[in-house]
Amino acid sequence: MKPIVITKQTARRFVLGRQGLWPGRRWKGKRGTAQALTACEAVQLDPLQATARSQDLVLHSRVMDYRPSYLDQVMYQERGFFDYGGWLAVYPMSELPYWRLHMERRSHDKRVEDFTFKHPGIFEQVRTELRSRGLLGNRHLDGNAVGWNYRGRKDTSLALFDMWLSGELMIHHRENFARVYDFRENIAPPELDHAAPEPEAEANLARKCVAFKGLLPEARWKTDVAYNLHRAVGRDEIREWRDRWIADGILAIVQIEGWPGNHLVLAEDLPLIETLEAGKVPRPWRPLGTTTLEEVTLLSPLDIVSARGRALKLFDFEYKWEVYTPAHQRRWGYYTLPILYGDQLVARLDAKLDRPSMTLQVKGFWHEPSAPMKDEAFAAALANGLLRFTAFLAAAQINLSGIRQPDLRGALRLLMGQSLPVSVRAIAAAAAET
């Protein structure tokens with residue numbers, strides 16, 4: 001099959017649109033939260049909360065009137081999704097039978113087996129406690145201290161973690177992001193509490209690698225598949241898989257103008273790409289409210305469209321999450337958010353929510369040379385995005401002093417209103433009523 005050649009703009013818009021970010025939010029409320037999680041394929045979880053946690057920023061950028069409580073409801077109350085993995089992410093519960101293969105293979109990791117041999121009774125001790133006491137987290141068990149380990153500081157904590165990675169346990173709920181565990185059979189819906197046959201599971205987990213990225217460099221597929229399958233994948237094997245899936249109409253090959261190498265895409269997504277190449281917006285992607293030209297979107301630092309080096313490749317936008325960079329070495333800030341305007345990343349915003357005063361502090365703003373800084377439409381879009389973000393955080397006011405460009409700062413203050421705290425409270429109250 002001859003590769004399809006597309007423009008870089010089409011590639012950018014396809015990746016954004018498949019993730020629900022362009023041309024604007026197309027989901028709403030709790031139902032929309034579940035729809036967004038499904039469309040995204042996976043959403044990474046992270047405990048840091050400079051303004052809001054990464055997963056909530058991801059969903060706020062895609063779902064109108066999103067609230068963090070919606071994520072808790074669709075995951076832990078309705079059991080539509082589960083969180084799992086060393087790369088901690090939310091997955092649809094319907095995929096649990098496939099991930100059971102990954103979990104089983106995890107149970108045979110050398111690190112897990114070594115820990116088991118060194119602590120022969122700890123797993124049965126944890127099982128006994130769970131059976132007798134019910135839901136348990138790390139803090140509920142009195143274990144023995146172990147050397148430093150990010151998975152836990154007690155042998156019971158490491159046992160819980162390994163039993164979770166192996167699929168014996170699942171996360172029942174979280175308390176201030178801390179895991180609370182129960183046996184899988186007590187959490188998973190009965191109709192999904194089984195392991196799919198190995199060929200079926202491997203095929204679905206391999207397909208998911210392409211669906212998650214939208215456009216996946218062919219050279220990257222082997223590495224991503226190996227992670228999902230949790231086993232070594234040879235070049236000949238991945239090549240045979242690719243050829244067979246292309247012949248079967250599951251995958252297609254795309255080339256992007258100016259980019260080296262081939263990219264894989266799901267064949268079912270080709271009509272979307274064709275529509276974009278024609279300069280049109282796919283009908284299912286039409287936004288419920290404003291577009292990203294009318295209201296900028298603040299992205300999570302871990303958003304898959306721009307994380308892991310994709311910002312530079314897709315948007316010619318230099319970006320690094322500097323949370324773990326020493327303060328004196330940071331170019332931008334501790335928790336800097338990329339700003340999406342139209343189909344481009346045009347600036348970065350370092351933000352922090354001061355919770356005692358509930359003030360959203362804009363600590364820094366860095367724009368690209370190509371950013372339309374003197375364009376009134378951009379200032380209006382930025383003001384709209386900041387107002388929505390402030391309302392989402394239920395902040396009482398916003399401090400714009402970190403925006404060093406006086407003309408833009410003045411325009412934002414004018415656009416957002418002289419009585420900004422009153423405006424923000426009104427917007428927050430309106431959002432709370434919907």
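Predicted model: local features only at pLDDT ≥ 70, side-chain atom pairs only at ≥ 80, totals over all residues.

Residues are numbered from 1 along each chain as its sequence is written, and side-chain values use heavy atoms, with hydrogens and water left out.

**An open sheet and its helices**

- Three strands, in the order β3-β6-β5, form an open sheet with antiparallel pairing; helices (H or I, at least four residues) and strands (E, at least two) are DSSP runs numbered from the N terminus, and two strands pair if DSSP finds at least two bridges between them.
- The edges of this sheet are β3 (43-44) and β5 (81-84), each of which pairs on one side only.
- Strand β5 is joined by four bridges to the antiparallel strand β6 (residues 89-92), and Phe 81 has Pro 92 of β6 as its bridge partner.
- Helix α2 (residues 29-40) packs on the sheet and touches β3, β5 and β6, with a direction that makes about 50 degrees with that of β5; contact means heavy atoms within 4.5 Å, and axes are lines fitted to C-alpha atoms, for helices over the stretch in contact, with angles from 0 to 180 degrees between N-to-C directions.
- Helix α5 (residues 96-106) also packs on the sheet, where it touches β5 and β6, and its direction makes about 20 degrees with that of β5.

- Strand β15 (residues 344-354) is mostly covered, since eight of its 11 residues are buried; buried means under 20% relative accessible area, exposed over 50%, and partly exposed in between (1.4 Å probe, protein chains only).
- β14 and β15 pair in the antiparallel sense over six bridges, with Thr 336 opposite Asp 350 in β15.
- β15 is joined to the antiparallel strand β16 (residues 359-367) by eight bridges, and Leu 349 stands opposite Phe 365 in β16.
- The hairpin of β14 and β15 has two residues between the strands, and Gly 342 takes a positive phi near 65 degrees there; the hairpin of β15 and β16 has four residues between the strands, and here Met 358 takes a positive phi near 50 degrees.

**A buried glutamate**

- Glu 322 lies in the loop between α14 (310-315) and β14 (336-341).
- Glu 322 is buried yet has no salt bridge, the nearest side chain of opposite charge being that of Arg 330, 5.6 Å away; a salt bridge is a side-chain nitrogen of Lys or Arg within 4 Å of a carboxyl oxygen of Asp or Glu.
- The side chain of Glu 322 does reach the backbone nitrogen of Arg 331, at 2.8 Å.
- Not counting residues up to four places away in sequence, Glu 322 touches Gln 329, Arg 330, Arg 331, Trp 332, Gly 333 and Tyr 334.

- Most residues other than glycine have a negative phi, and most peptide bonds are trans.
- Trp 22 and Pro 23 are joined by a cis peptide bond with omega of about 0 degrees, and Pro 23 is found in the loop between α1 (8-18) and β2 (27-28).
- Asn 176, in the loop between β8 (169-175) and β9 (178-183), has a positive phi near 50 degrees although it is a residue other than glycine; Asn 176 counts as exposed because its relative accessibility is 71%.
- Asp 316, placed in the loop between α14 and β14, is not a glycine but has a positive phi of about 55 degrees; its relative accessibility is 52%, so Asp 316 counts as exposed.

Notes: Lys, Arg positive; Asp, Glu negative; His and termini not counted. Polar contact = N/O pair within 3.5 Å; in protein donor to acceptor, adjacent residues only side chain to side chain.
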